[in-house]
Amino acid sequence: MNIAITCPQCGAEVELAEEDTVFKCLYCGSILKPTGRNRVQSFFISPKETAHKVGTALLRALKDKDSKDLHIVGHHLLYAPYWRVNGMLFQWVFGKKYFKSPGGQKAWENFKKLRATPWFRTFPAFDSSKWSLFSLGLRAQVLKIWPFNKQKMGKDPLLIKQTISFKEAIDQAQKSIVSQRSSGSIQVEMLNSELIGERYSLLYFPFYCYTLKKNGKQSLLIVDALSHKVIKGHVDIDELKRTSSGDKIPYKPLNFIPFKCPNCGWDFSFKPHTTIHVCKTCGRAWQEKGGSYVPVLYRISLKEKSKNITWKYLAFWRLTGIIKTKDKEYKTLKEFYDLFPLPRVLDEEAIKRRNISFYIPAIRIKNVKMVDKFSAQLTLAQPQFTEIEIDTIEDLDLSDVWLTLKDAKEMAHVLLYSMTKKEHKKTKNVVKDAQIHFTNSRLLWIPFVEKGIYLRESQTDFALQKNALYLPTLTDP
Ligand SMILES: [Zn+2]
Ligand SMILES: [Zn+2]
C-alpha cells in the first residue's frame, strides 16, 4: 500500500511505500522523516469516478429491469471508517501426529511447527450491523491512500462515526489470529499466535449514497465508490449531517521533520527501512516519537581491528527478563536451564548468579525460520558480550535496525516456544501460560565474521545465512 504525499519542499505528488521510514522526493531529492508511522494514523481513499457518472450508470442498470419513472433526486459522498491491521503472524503449533506403523498399528509422534506469514485484515470501525461490507478485502493491500484531510476528501463529505476504538480493534485482531484446528491425523495440543510489527490504520472508505424517487416514493441506495457495487446498508443522512460536521481529526496525520541528527545537525544516511537512525558523525542513535527524535541508548560489543578480519556488526535487542507463570518464577540461569536443559555440564554456582537474556535480532529479516532458529540457539547458549559505549561509529560496519523494542519483547515470547523441545512435556506446560517480565533492555551490535554464505557469531561460532537477512551494507560498496 502506498501513501500519497505532497512533498513539503517542492509540492509534487509523490508516494511513500507503507513500510518506508524515510521519505525521498523523486522530484527535488529532499530527504525527510515522516512522523507518526509507528502509531495509528488516519487515511482516506478517493472515489473512482464522480457521483454523477456512477449515478447515471446505476440508473441505466436499474431502469433495464424496472419502471421508467425512476430518478435520482440527491446524492452524497460518504466515508465509512475501517480498521486495517497488518503485521507478521508467528504461530507455533505443538501436537501429535498419528500414523499407521509398518506393522499396521496406530502410532503417533510429537511435532512442532512454526508458521510465519504476513497477515492483514480490515474490518468496520463503525456500527456495521446494517451494513454488508464487512471487509475491504485484498484491495486494501494495493490501494493508494491519502493522509486524512477533510478539505481533500470532496465537497461536503459525510463521515460515518467511528465507534470501534483502537483498543477494541486490538482485541478483535487478537481474537482473529487465534485459531486452533485439529484434523484427522493431527491433534493440536498447544498453539501460540503472535502478531509482530503490527500496524493499525484507520481507513476512510468512500461510498456514494443516492436518494431515488420512484412513483413518488423515496429510497436510499448505497454504492461502493471504488467497485461501484451496490452495498446493502442503511444510513440516516440527516443524522450524519449533524454528527459529521466536526473537523476533529480522528488520529494524527503524518508530518515531516528534517532527517538530521538533532545533536550535531549532520544528515543521517539514507536508509529507507531503518527505524533507529545512528549519526555517523557524533555516534548518537535516535528514534522518532510523537513528532520528534528521542535518543536511543546502545552498546557495541567492539572487536579489535585486525588486518585479516572485517567485523560485521549485527543489531540485536538484548532483553533481560524473568519468566513468570502462575506459580513459579524463573529468574536465574539455573532456573532457565531447568526449563530448557542443555546436554553439557554447567557451572552450577556461576549460573545461579546470572540473569536470563534474550537475544532478538533487530535486523530486517527475509527468512523468519532461519533467524528464529539462530536466535533460539543464541539465547539457549546465553553468551556474555562486552558492551561498550562509543562516541563515534566511524568506519564500523553496523547493520540497520528494523525491529522496535516493543516487537522485540513479543519476539522474546515467541522464542520461549522456539526453545521448547517437542517431546518435553514439563517445559511445554510451563511455556503454555508463561509471560516474560522484562527488567532491562539494550540495543546491542554483535560482531560477526563473514564466511562464504554465512555470518558467524564471534563467541559461539553459530552461523546465520546471509540471505536470511536484508543486509544492504554487505552488498553496497
Ligand atoms: Zn520534492
Ligand atoms: Zn550527530
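The following dialogue examines a predicted model of a single chain through questions and answers.

Residues are numbered from 1 along each chain as its sequence is written, and chains are lettered from A and ligands numbered from 1 in the order in which they are written. Because this is a predicted model, local features need pLDDT of at least 70 and side-chain atom pairs count only at pLDDT 80 or more, while totals for chains, interfaces and linings use all residues.

Student: How many helices and strands does the secondary structure of the chain come to?

Tutor: Helices (H or I, at least four residues) and strands (E, at least two) are DSSP runs, numbered from the N terminus. The C-alpha atoms of the chain fill a box of roughly 90 × 70 × 40 Å along the principal axes. The secondary structure in the chain comes to nine helices and 24 strands.

Student: What percentage of the residues in the chain is buried?

Tutor: A residue is buried if 20 or more other C-beta atoms lie within 10 Å of its own, exposed if 12 or fewer, and partly exposed in between, with C-beta atoms placed from the backbone. The chain has 477 residues. The buried share of them is 31%.

Student: What distance separates the centres of domain 1 and domain 2?

Tutor: Domain bounds come from an automatic or database domain assignment. Here the assignment gives domain 1 (51-243) and domain 2 (297-475). Taken over C-alpha atoms, the distance between their centres is 38 Å.

Student: How do the residues on the side of domain 1 that touches domain 2 divide into nonpolar, polar and charged?

Tutor: Two residues are in contact if their C-beta atoms, placed from the backbone, lie within 7 Å, and 13 residues of domain 1 are in contact with 13 residues of domain 2. Strand 6 (70-100), strand 7 (106-124) and strand 10 (186-214) each supply at least two residues of that side of domain 1. Ala, Val, Leu, Ile, Met, Phe, Trp, Tyr, Cys and Pro count as nonpolar, Asp, Glu, Lys and Arg as charged, and the others, Gly among them, as polar. The residues of this side divide into eight nonpolar, three polar and two charged.

Student: How many of the residues of helix 7 are buried?

Tutor: The expected span of a helix is 1.5 Å times one less than its number of residues. Helix 7 reaches 19 Å from its first C-alpha to its last, close to the 20 Å expected. This helix is largely enclosed by the rest of the structure, because the buried residues number 10 of the 14.

Student: Which elements do the buried residues of helix 6 pack against?

Tutor: The 14 residues of helix 6 (residues 368-381) should span 20 Å, and its end C-alpha atoms are 20 Å apart, which agrees. Its buried residues include Val 371, Phe 374 and Leu 378. They pack against strand 7, strand 20 (356-361), helix 7, strand 23 (454-457) and strand 24 (463-465).

Student: Is Pro 253 buried or partly exposed?

Tutor: Pro 253 lies in the loop between helix 3 (237-243) and strand 13. Its C-alpha atom is separated by 8.2 Å from that of Asn 149, 104 residues apart along the chain. With 15 C-beta neighbours inside 10 Å, Pro 253 counts as partly exposed.

Student: Which residue in strand 16 is the bridge partner of Trp 286?

Tutor: Two strands pair if DSSP finds at least two bridges between them. An open sheet has the order 14-15-16 with antiparallel pairing, and strand 15 (residues 285-289) pairs with strand 16 over five bridges. In strand 16, the partner of Trp 286 is Pro 295.
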